[in-house]
Amino acid sequence: MRSSIDRAGKLVDPLTGLGNRTLLIERLASSIAKQGNGGPQGIMAVVLLDLDGFKVVNDSLGRGAADQLLIEVGARLKSRPEAGSPRHVAARIGGDEFVVFLENLETMAQARAEAAALLARRNQPIQLHGRSISISASAGITFITGGACTPEDLLRDAGLAMSQAKALGKNRYELFDPVLGERAQARMSMAIDLHHAIERNELVAFYQPKIDLPTRSIIGFEALLRWRHSKRGLVSPAEFIPIAEETGLIIPIGEWVLNQACRQLMAWHAKYPCEPPLSMNVNLSVKQLSDPDLVGRVARILAETGIPPECLKLELTESSLITDIESARDVLTSLQGLRVGLKLDDFGTGYSSLSYLRTLHFDSLKIDPSFVQRVATDQTTRAIVETIVDLAHTLHMNVVAEGIETEDQLAGLIEVGCDTGQGFLFSRPLPAEAAEQLLEARIAA
């Protein structure tokens, strides 16, 4: 008797009273086996739900309130559905992830209706610490189709569908599509290859010149990462940078880019002395900004290369600041203590640009290409760009226009007072040797 009680305890999530992962795996395995043996199971579906914004509740109201939220969500999942609803098993499998296993469904449409009902129940307000909290969830649905599969396969597929629901705006459900699995496999393969890219010397730094617009002289470069894959050739940063972010590889890769860029700038300073000296822009990602050793890494590379700190400009986008503005302020203040420059990239594309200018101190703004492309043809865009330039100059900041492609765009930017720029009109990003040839030709001219 006692062994039965002990076993039952091992199948229950102690916080919510729902089944735990072990119980869910056992139920799924049993149902898969029965269906494989031709048993009359009907349609069966796995619905994985993940709460939207749970971290905000945990961070703002504390662990106790977060636990109470999970208990309430569990109670709503445990409650018996309406009469006539399919039999279901609810489990909490970790953190804020819940699974509902639906059995004896008549149609797949019924599974979608059940998922919608589950999400609707999650949206109903919950009382926490005297506050009425509404929290939504995102869900992924997969079906036991009779083919060879395991409980882990089902949870993986439902998780991929749930992640797709998150990416498409949250507070919704998505059905698993085999394409999602193929993409996941491709991303895993790329992540493995990327892990070895540095040691295999597959990463390459390209350099795009920064131009003083009135004189068209080169005043510096922006370092841009490229990956020469041994089999796939040149891989677009749009493909591998998100994977580097997700896996944490962006930390060593970012350090590699910074090191390469600073060493290249040191060589150009020695070969092409000028006043003011050439500068180098390097992008920082949100993961790098949260790296506790970032400031130390930058300081070490500056000391090793000997370049003047003022010649290094670190670029950040609003998306890299929005997660934790207070921590970002501390890191940026420490970086400015090293005397490096700070640039706010893609200015004008976010919702809080002006608040960032008020709370953080940047040396320059980079106008997003979407504005640059229309500055010569659209009066409203021109007025916006002119306002940005006037604001930046009032705050003693330099203004950079990114993505200049035509002479008309260049003329319009000069007319509104833009200081510097870069784009295909002047040069595409180039390998170091080609960038040096371009620099030498400009100096000779």
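**Reading the model**

Colleague: Let's start with one residue. Which residues does isoleucine 250 touch, not counting residues up to four places away in sequence?

Modeller: A contact means heavy atoms within 4.5 Å. With residues up to four places away in sequence set aside, isoleucine 250 touches Ile241, Ala244, Glu245, Ser285, Lys287 and Gln288. Keep in mind that this is a predicted model, where local features need pLDDT of at least 70 and side-chain atom pairs count only at pLDDT 80 or more, while totals for chains, interfaces and linings use all residues. Numbering runs from 1 along each chain as its sequence is written, and side-chain values use heavy atoms, with hydrogens and water left out.

Colleague: Where does isoleucine 250 lie, and is it buried or exposed?

Modeller: Isoleucine 250 lies in helix H9. Helices (H or I, at least four residues) and strands (E, at least two) are DSSP runs numbered from the N terminus. Buried means under 20% relative accessible area, exposed over 50% and partly exposed in between, with a 1.4 Å probe and protein chains only. Isoleucine 250 has 5%, so it counts as buried.

Colleague: Now zoom out. How many helices and strands does the protein chain have?

Modeller: You'll find 17 helices and 17 strands in the protein chain. Of its 445 residues, 47% are buried. As for contacts between residues at least 6 apart in sequence, 67% join residues at least 24 apart.

Colleague: And the nonpolar core? Which residues have the most contacts inside the largest one?

Modeller: A nonpolar core is a set of buried Ala, Val, Leu, Ile, Met, Phe, Trp, Tyr and Cys residues joined through side-chain atoms within 4.5 Å. The largest has 77 residues, and Tyr207, Leu312 and Leu335 have the most contacts inside it. Helix H9, spanning residues 250–271, gives the largest share of this core, with ten residues. Apart from that core lies another, of 31 residues, including Ala45, Ala65, Ala115 and Leu128.

Colleague: What is leucine 335 in contact with, leaving aside its neighbours within four places in sequence?

Modeller: The partners of leucine 335 beyond those neighbours are Leu284, Leu294, Val295, Val298, Leu314, Val340 and Leu342. Beyond four places in sequence, threonine 142 is in contact with Met44, Ala45, Val46, Leu154, Asp157, Ala158 and Phe176.

Colleague: Which residues lie nearest the centre of the largest pocket?

Modeller: Those are Glu222, Leu224, Pro237, Ile241 and Asn283, out of 37 lining residues. The largest pocket holds about 870 Å³ of space. Among the elements supplying at least two lining residues are strand E9 (217–229), helix H8 (237–247) and H9.

Colleague: And how much space lies in the second largest pocket?

Modeller: About 520 Å³. The second largest pocket is lined by 25 residues, with Ile219, Pro276, Pro277, Leu278 and Ser279 nearest its centre. E9, E11, strand E15 (398–402) and helix H17 (432–444) each give two or more residues to this lining.

Colleague: Let's finish in strand E9, with isoleucine 218. Is isoleucine 218 buried or exposed?

Modeller: Isoleucine 218 is buried because its relative accessible area is 12%. It touches Pro209, Lys210, Ile211, Leu278, Leu438, Leu439 and Arg442, not counting residues up to four places away in sequence. Isoleucine 218 and phenylalanine 426 are 208 residues apart in sequence but 9.6 Å apart in space, C-alpha to C-alpha.

Definitions and conventions: On a 1 Å grid over the protein atoms alone, a cavity is a set of points where a 1.4 Å probe fits but cannot get out, and a pocket is an open set with protein on both sides within 12 Å along at least five of seven lines; lining residues have an atom within 4 Å of a point. Grid points are joined across faces, edges and corners, and a volume is the space filled by probe spheres set on the points.
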